[in-house]
Amino acid sequence: MAVLRFPEGFYWGSGTSAHQVEGGNRHNDWWAFEQQGRIRDGEVAGEAADWWHRYAADLTLAAELGQNAHKLSVEWSRIEKEPGVWDEGVIEHYRQMLSVMRNLGIAPFVVLHHFTNPLWLDATGCWENPDTPRRFAAFARLAAERFGDLVEAWITINEPMLLAAFGYVLGYWPPERSSWAAGLRAAANLMRAHRLAYAAIKDVLPAASVGVAVNSTVFELSSRSSFLERLLVAPADWMANQWFLDRIRSQLDFIGLQYYSRTTVRQLFFGDPAGGPLGDDLPVSDLGWAIYPQGLHDVCRRTWHRYRLPMHVTENGIADHADLQRKLFLHDHLRCLHEAIAGGADVRGYFHWSLVDNFEWREGFSPRFGLIEVDYATQARTVRDSARYYATVCRGNAIEVPEPGPPGLP
Ligand code: BGC
């Protein structure tokens with residue numbers, strides 16, 4: 001076996017987001033959406049993985065599994081239930097969560113916006129309202145003031161372009177707008193929100209490391225691609241992967257890349273957002289998403305060449321209930337990540353999505369992304385085998401790959 005080492009001080013972790021794991025989030029737009037029966041099988045996030053009460057045990061498991069970093073989000077609607085009123089009890093609870101991480105040797109990467117919005121903000125038009133960026137920046141300032149001593153790195157917004165596309169163009173997520181004009185307004189306000197939040201955090205904490213986490217994909221033309229689809233590849237790539245970053249590049253200390261699969265133009269412009277890209281000849285996840293590790297190499301390399309900023313892979317993972325594919329998925333993606341780093345890309349961390357099974361938005365609880373399985377009836381946790389494999393990588397800061405055979409032999 002050959003050993004491929006990652007750079008000294010590499011962050012190895014996993015991720016969660018507030019609404020997907022905490023439980024008891026009743027003050028945001030997703031809660032309202034769920035009550036209207038919009039989730040598969042009529043599910044609601046409800047108590048989710050009860051992380052609000054069980055975070056310490058889950059983080060202890062993460063530390064035992066060799067992880068030294070964690071990406072989490074703090075829930076805006078929990079901290080600011082009414083405009084301008086900060087909930088001190090909730091702030092204290094998050095401080096304890098962050099302190100537990102620090103005591104376990106886990107560096108917190110804190111996301112300020114992971115898809116959900118306070119109900120009061122929703123009532124004002126949410127991301128179509130030009131005042132929303134200012135409101136968000138006030139929340140970012142508060143977070144910097146109250147959590148700054150515990151946070152390793154800040155991510156202002158998680159996958160802003162996915163939010164603009166699913167919530168405003170495709171009407172698939174709240175607030176169920178279906179208009180390109182609404183989508184463009186939302187995208188512009190999300191860009192401004194990042195810039196203002198970046199400035200607010202830096203004002204409080206000049207040395208803070210502040211970035212954004214963008215969904216990244218590679219566009220492949222499938223065997224069924226039409227002439228129109230071939231024409232649309234370049235604009236699709238620009239819109240999905242570069243537009244947002246181009247507009248905020250001078251307000252970025254690092255870029256968070258989130259990579260799951262390749263995409264077809266058909267899916268972006270005409271497709272069913274629930275289905276994920278078709279596999280063609282590739283193996284697929286439980287959600288039908290093609291498993292394409294080479295894409296992780298390509299997005300890291302391409303982003304490095306365009307922006308020359310430090311990067312973290314802030315999400316990458318697979319829905320795999322039976323845990324039959326996750327180990328190989330991890331191995332193959334990390335091998336491709338290593339190749340990108342060896343080629344010069346400055347990637348400093350990898351966060352597997354996710355630490356525990358969680359509420360997968362409109363798809364409800366059935367997709368299982370966790371390194372740790374959750375039995376939702378009892379909230380019992382079971383460490384999946386793939387998590388133990390990942391632990392060997394985290395502890396060794398390396399992956400093992402077969403030695404190449406002698407030339408000439410298959
Ligand atoms: C999101 C997560 C989600 C994951 C898997 C990412 O787009 O940030 O919230 O669970 O993908 O779909």
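**Close-up views of helix packing and loop geometry**

**Figure 1. Helices α3 and α5 run roughly parallel to each other.** The model shown is predicted. Helix α3 covers residues 51-64, and helix α5 covers residues 88-104. From α3, the contact takes in W51, W52, Y55, A56, L59, T60 and A63. Facing them in α5 are V90, H93, Y94, Q96, M97, V100, M101 and L104. By class, the contact holds 12 nonpolar and three polar residues. No charged residue takes part.

**Figure 2. Helix α13 packs against helix α14.** Helix α13 spans residues 326-342, and α14 spans residues 385-396. The two axes are 8 Å apart, at an angle of about 25 degrees. That angle makes α13 roughly parallel to α14. The crossing of α13 past α14 is right-handed. On the α13 side, the contact residues are R326, K327, L330, H331 and L334. On the α14 side, they are S386, Y389, Y390 and V393. Five residues of this contact are nonpolar, two are polar and two are charged.

**Figure 3. Helix α12 meets helix α13.** Helix α12 is made up of residues 294-307. The axes of α12 and α13 come within 7 Å and cross at roughly 30 degrees. So α12, too, is roughly parallel to α13. Here α12 passes α13 in a right-handed crossing. Q294, L296, H297 and C300 are the α12 residues in the contact. Their partners in α13 are H333, C336, L337, E339 and A340. The class count is five nonpolar, three polar and one charged.

**Figure 4. Helix α9 has a span close to the expected value.** The helix runs over residues 180-204, 25 residues in total. From first C-alpha to last, α9 reaches 36 Å. The expected span, at 1.5 Å a residue, is 36 Å. Look next at the start of the helix. There, a side-chain oxygen of S179 comes to within 3.3 Å of the backbone nitrogen of A181.

**Figure 5. A cis peptide bond joins P174 and P175.** Omega for this bond is about 10 degrees. P175 sits in the loop between α8 and α9. Helix α8 covers residues 160-169.

**Figure 6. A cis peptide bond joins W353 and S354.** Omega is about 10 degrees at this bond. S354 belongs to the loop between β9 and β10. Strand β9 covers residues 347-353, and β10 covers residues 372-375.

**Figure 7. C126 has a positive phi.** The value is near 50 degrees, in a residue other than glycine. C126 is placed in the loop between α6 and α7. Helix α6 is formed by residues 119-122, and α7 by residues 132-147.

Notes:
Residues are numbered from 1 along each chain as its sequence is written. This is a predicted model: local features need pLDDT of at least 70, side-chain atom pairs count only at pLDDT 80 or more; totals for chains, interfaces and linings use all residues. Side-chain values use heavy atoms; hydrogens and water are left out. Helices (H or I, at least four residues) and strands (E, at least two) are DSSP runs, numbered from the N terminus. The expected span of a helix is 1.5 Å times one less than its number of residues. A polar contact is a pair of N or O atoms within 3.5 Å; within protein, one must be able to donate a hydrogen and the other to accept it, and residues adjacent in sequence count only if both atoms are side-chain atoms. Axes are lines fitted to C-alpha atoms, for helices over the stretch in contact, and angles run from 0 to 180 degrees between N-to-C directions. Angles under 35 degrees count as roughly parallel, over 145 as roughly antiparallel, 65 to 115 as roughly perpendicular and the rest as oblique. A crossing is left-handed if the near helix is turned anticlockwise from the far one by less than a right angle, and right-handed if clockwise. Contact means heavy atoms within 4.5 Å. Ala, Val, Leu, Ile, Met, Phe, Trp, Tyr, Cys and Pro count as nonpolar, Asp, Glu, Lys and Arg as charged, and the others, Gly among them, as polar.
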